[in-house]
Amino acid sequence: MLDDFFTRALVAGIGIAIITGPLGCLVIWRRLSYFGDTLAHSALLGVTLAYAFSLNIAFSVFVISAVIALLLLNLQKRTRLAGDSLLGLLAHSTLAIGLVLMGFLSSIRFDIMGLLFGDILAVTLQDIALVWIGGFIILGILYFIWKSLFSATVNYDLASAEGMKPNIYNMIFTLLLAGVIALSIKMIGTLLITGLLIIPAAASRNITNNPTQMVFVAILIGILSVTIGLFTSLELNTSSGPSIIVIAIILFIISLIPLELRGKLQK
Amino acid sequence: MSKDNLLVSLENAGIYKSPKWLIRGVSLEVKNGQIVTLIGPNGSGKTTTAKMVLNILEPDEGSLKRYTNKIAYVPQKINIDWTMPLRVLDFMRLTNNLSNNEIIESLNQTGVEKLFKEQIHGLSGGEFQRVLLARAIAKKPELLVLDEPVQGVDFNGEIDLYNIIKNISANLNCGILLVSHDLHFVMSATDHVVCLNGHICCSGKPSSVIKDKAYIELFGEHRSKTLTYYQHDHDHTHASDGSVSS
């Protein structure tokens with residue numbers, strides 16, 4: 001069954017949607033959308049280094065993302081520049097360094113479009129294994145640290161005062177985020193991964209009223225986006241990554257309807 | 001109350017935030033069953049001191065010793081925005097696993113059991129304050145730190161909440177560190193008062209603090225005297241929704 005490229009894409013995509021659901025919720029609760037974007041930009045540098053030293057791409061992207069995350073924490077202690085300025089600084093400098101380095105590797109042919117937008121239809125069996133095993137580990141860790149992480153998301157001081165050790169768990173969360181980006185870079189691409197993190201979670205917020213519900217509905221919307229997106233791309237011969245995001249945003253627009261209706265009913 | 005019941009002590013502690021000391025030279029203790037209050041003008045370091053006791057801020061000089069881990073905190077300000085869908089019952093379980101019954105029981109104590117399934121961001125300031133207090137009580141803490149717990153609560157509600165706080169200290173036999181502006185409550189119901197203004201101006205039993213020159217200077221002669229022994233007579237009580245019960 002997995003011989004078929006389309007089935008492989010579907011299995012990998014659904015795997016990614018299951019991981020991005022809960023992490024995406026945390027990203028929007030913590031106002032980290034741009035942070036996810038920065039990590040994704042820095043992934044280009046990771047990919048370049050992977051080619052240069054023949055490393056595994058996912059591994060290399062994970063390491064670079066983790067380094068960027070730690071750099072950010074360090075910069076925040078040294079300067080009083082606002083978080084978004086520092087993120088912009090890191091995102092574009094790593095992107096630029098990645099592109100410059102790429103110039104030196106003229107002997108290797110790069111599929112730039114594939115890097116930016118991903119190529120889920122080229123997914124191999126190893127990729128599927130990576131997504132599902134990696135995803136299982138990420139979600140397992142997330143499950144164990146959820147209470148601490150969630151309480152620190154609601155209020156840092158309160159979590160800290162009541163012994164939830166938010167510092168450590170924030171750090172672990174950052175690494176998990178780097179992990180998701182590393183796992184999904186090949187399939188979704190650097191430019192679109194933040195979309196898959198944020199849009200299903202945002203749509204889910206519109207139609208749910210508690211955190212657990214929001215996480216599960218976000219996963220569901222992610223899976224729907226991937227499935228419908230892939231079928232659409234097959235049918236209309238459009239590129240797969242962007243098609244998935246387009247479906248996600250259509251689902252987001254649909255999720256606004258109950259909100260509007262409720263508003264009208266209350267008036 | 002013996003000395004062995006010590007829950008937390010600060011010794012000569014201070015926090016430096018460039019270019020000045022926010023607070024310096026603070027020594028205080030909280031014991032089981034004791035209510036210690038911090039008073040002082042805005043910016044005098046009350047919240048900073050509370051955060052040192054809670055170990056949210058690490059003292060830049062001096063030391064903190066804590067003898068309990070069962071701590072509950074009611075912070076001065078919490079913003080929970082719309083992005084986070086959070087019902088009162090989810091919030092009650094934030095750092096603790098509680099059954100629905102335990103949650104309702106605590107909410108009942110602060111008079112807001114009806115809000116059980118409401119969204120947190122839809123609550124009024126006073127309602128939220130009651131939920132915060134209920135959450136802290138539900139943890140059955142040994143040390144309870146309350147930073148301005150009655151802000152935004154209406155007048156009768158304030159008296160209600162202060163009574164609840166007195167009862168908590170008696171029923172749970174926990175130590176309470178309270179930051180308050182309310183001199184009546186401070187003087188009538190607390191065991192130890194610490195008056196701050198960047199350092200400890202004066203401290204001791206309420207009856208001795210009110211005679212202290214530093215205290216009178218800080219709060220003005222008139223206010224410090226007239227408000228000292230305030231009594232409030234009520235021949236009926238109000239539920240939180242305003243209805244009268246006898």
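The expected span of a helix is 1.5 Å times one less than its number of residues; the model discussed here is predicted.

Q: Which helix gives the most residues to the side of chain A that touches chain B?
A: In the contact between the two chains, 19 residues of chain A meet 19 residues of chain B. The elements that give two or more residues to this side of chain A are helices H1 (5–29), H6 (125–154), H7 (156–161) and H10 (211–236). By class, the side of chain A that touches chain B holds nine nonpolar, seven polar and three charged residues. The element that gives the most, with five residues, is H7(A).

Q: Are the residues of strand E7 of chain B, which point to opposite sides, buried or exposed?
A: In a regular strand the side chains alternate between the two faces of the sheet. In E7(B), Gly175(B), Leu177(B) and Val179(B) point one way, whereas Ile176(B) and Leu178(B) point the other way.

Q: What is the handedness of the crossover from E6(B) to E7(B)?
A: On one pairing, strand E3 (residues 35–39) of chain B runs parallel to E7(B) with four bridges, and Thr37(B) stands opposite Leu178(B). Strand E6 (residues 143–147) of chain B also pairs with E7(B) in the parallel sense, over five bridges, and here Asp147(B) stands opposite Val179(B). Between E6(B) and E7(B) the chain passes through helix H5 (residues 155–171) of chain B, and this β-α-β crossover is right-handed.

Q: Why does Ile120(B) count as buried?
A: Ile120(B) is placed in the loop between helix H3 (100–109) and helix H4 (125–138) of chain B. Leaving aside residues up to four places away in sequence, Ile120(B) touches Ile80(B), Leu86(B), Arg87(B), Val88(B) and Phe91(B). A residue is buried if 20 or more other C-beta atoms lie within 10 Å of its own, and Ile120(B) is therefore buried because the number of other C-beta atoms within 10 Å is 21.

Q: How far apart are the C-alpha atoms of Ile120(B) and Phe91(B)?
A: Phe91(B) is among the residues that Ile120(B) touches. Although these two residues are 29 residues apart along the chain, their C-alpha atoms are separated by 7.8 Å.

Note on methods
Residues are numbered from 1 along each chain as its sequence is written. Chains are lettered from A and ligands numbered from 1 in the order in which they are written. This is a predicted model: local features need pLDDT of at least 70, side-chain atom pairs count only at pLDDT 80 or more; totals for chains, interfaces and linings use all residues. A residue is buried if 20 or more other C-beta atoms lie within 10 Å of its own, exposed if 12 or fewer, and partly exposed in between; C-beta atoms are placed from the backbone. Two strands pair if DSSP finds at least two bridges between them. A crossover is right-handed if, with the strands pointing away from the viewer, the path from the first strand over the helix to the second runs clockwise. Two residues are in contact if their C-beta atoms, placed from the backbone, lie within 7 Å. Ala, Val, Leu, Ile, Met, Phe, Trp, Tyr, Cys and Pro count as nonpolar, Asp, Glu, Lys and Arg as charged, and the others, Gly among them, as polar.
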